[in-house]
Amino acid sequence: MNLKYLMWSACLFIGTLHASNVPFERPDLGFTPESLQQGQVALEFGLPDVSWPGPSRDFNVLAHVGLGYGMEAQVSSDESDPHHRVSLKWSGNNTGVMLTTGTQTYVAATHSFTNSHWAFQPTIQIGSGYEIIMNVAYQYGPFSPYIEYDHTADDINGHGDILGAGITYAILSNLQIDVYERTGFSGDVDSAESGAGISYAF
């Protein structure tokens, strides 16, 4: 039997046993109320994200590193945005607070209410306006489907409401892929957005 096939099958089998134990940020609109361990580094790539009308394509990357004491530093870059965004996150007890500067400066706070499989996570973001995000996710082994609702009243991101859904799959405990779809149904937000990505930690 082909050795490459055996290795790939083994990777998939391991992935079915273990969900990701890394607090990746992709692909939902909020942010994770957990931080990387001190010295741990993660890279997340949109491959790409596409929005309508247009369509407009956006390759993006997020790099983050654990600083210890529940702190994490993040730098993100979008093909459609000439400015890098720099963030500092603190998390503890399923609660996270993030300060971000770049194209706009804002502060966001989130808390995750969880049981063995389900998680409900509200997030509020305040900057040039405000944004409220509600996310419900279900963890089943390496799979984590979710749905989300976003109400935004922001001078940069627009004013309106967005409904989205997606799923992540942990190939390994430090390697994740994702797909998502969002639909804007009021205001001047994008009418639709789709994307896929890959995230890796080392």
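Visitor: Is Glu 148 buried or exposed?
Guide: In this predicted model, Glu 148 is buried, with a relative accessible area of 2%.

Visitor: Which residue does Glu 148 form a salt bridge with?
Guide: The partner of Glu 148 is Arg 182, and the closest N and O atoms of the two are 3.1 Å apart. This pair links distant parts of the chain, with Arg 182 in strand E12 and Glu 148 in strand E10, 34 residues apart.

Visitor: And Arg 182, buried or exposed?
Guide: Arg 182 is buried, because its relative accessible area is 7% and the limit for a buried residue is under 20%.

Visitor: Why can such side chains pair at all?
Guide: Side chains of opposite charge can pair when their charged atoms come close.

Visitor: How many salt bridges are there?
Guide: The count comes to seven salt bridges. One of them joins the side chains of Lys 89 and Glu 25, at 2.9 Å from N to O.

Visitor: Where do Lys 89 and Glu 25 lie?
Guide: Lys 89 is in strand E4 (residues 81-92), whereas Glu 25 is in the loop between helix H1 (3-17) and E1, so the pair ties together parts that are 64 residues apart in sequence. Lys 89 counts as buried, at 0% relative accessibility, and Glu 25 counts as buried at 9%.

Visitor: Which residues are linked with them in a network?
Guide: The network of salt bridges links Glu 25, Glu 72 and Lys 89.

Visitor: What does Arg 26 pair with?
Guide: The side chain of Arg 26 meets that of Asp 178 in a salt bridge, at 2.9 Å from N to O. Arg 26 counts as buried at 12% relative accessibility, and Asp 178 is buried with a relative accessible area of 3%.

Visitor: Let us change topic. Where is Gly 46, and what does it touch?
Guide: Gly 46 is placed in strand E1 (residues 41-52), and it is buried, with a relative accessible area of 2%. Leaving aside neighbours within four places in sequence, Gly 46 is in contact with Arg 26, Phe 59, Asn 60, Ala 196 and Gly 197. The C-alpha atoms of Gly 46 and Asp 58 are separated by 7.6 Å, although these residues are 12 apart along the chain.

Visitor: Which strand is E1 joined to by nine bridges?
Guide: Nine bridges join E1 to strand E13 (residues 192-201), and the two run antiparallel. Within E13, Gly 195 is the bridge partner of Asp 49.

Visitor: How does E12 pair with E13?
Guide: Strand E12 (residues 175-187) pairs with E13 in the antiparallel sense, over nine bridges. A hairpin of four residues joins E12 to E13. Glu 181 has Ser 194 in E13 as its bridge partner.

Visitor: What about pockets? What volume has the largest one?
Guide: The volume of the largest pocket is about 1500 Å³. Its lining has 48 residues, and those nearest its centre are Leu 29, Asp 78, Arg 85, Asn 157 and Arg 182. By class, this lining divides into 16 nonpolar, 17 polar and 15 charged residues.

Visitor: And the second largest pocket, what is its volume?
Guide: The second largest pocket has a volume of about 760 Å³. It is lined by 34 residues, and Thr 32, Glu 34, Ala 137, Gln 139 and Ser 144 are the closest to its centre. The lining of the second largest pocket has 15 nonpolar, 15 polar and four charged residues.

Technical notes
Residues numbered from 1 in each chain as written. Predicted model: local features only at pLDDT ≥ 70, side-chain atom pairs only at ≥ 80, totals over all residues. Heavy atoms only, no water. 1 Å grid on protein atoms, 1.4 Å probe; cavity = no way out; pocket = protein on both sides within 12 Å on 5 of 7 lines; lining within 4 Å. Points joined across faces, edges and corners; volume = space filled by probe spheres on them. Nonpolar A, V, L, I, M, F, W, Y, C, P; charged D, E, K, R; others polar. Buried < 20%, exposed > 50% of the residue type's maximum accessible area, 1.4 Å probe, protein only. Contact = heavy atoms within 4.5 Å. Pairing = 2+ DSSP bridges. Salt bridge = Lys/Arg side-chain N within 4 Å of Asp/Glu carboxyl O.
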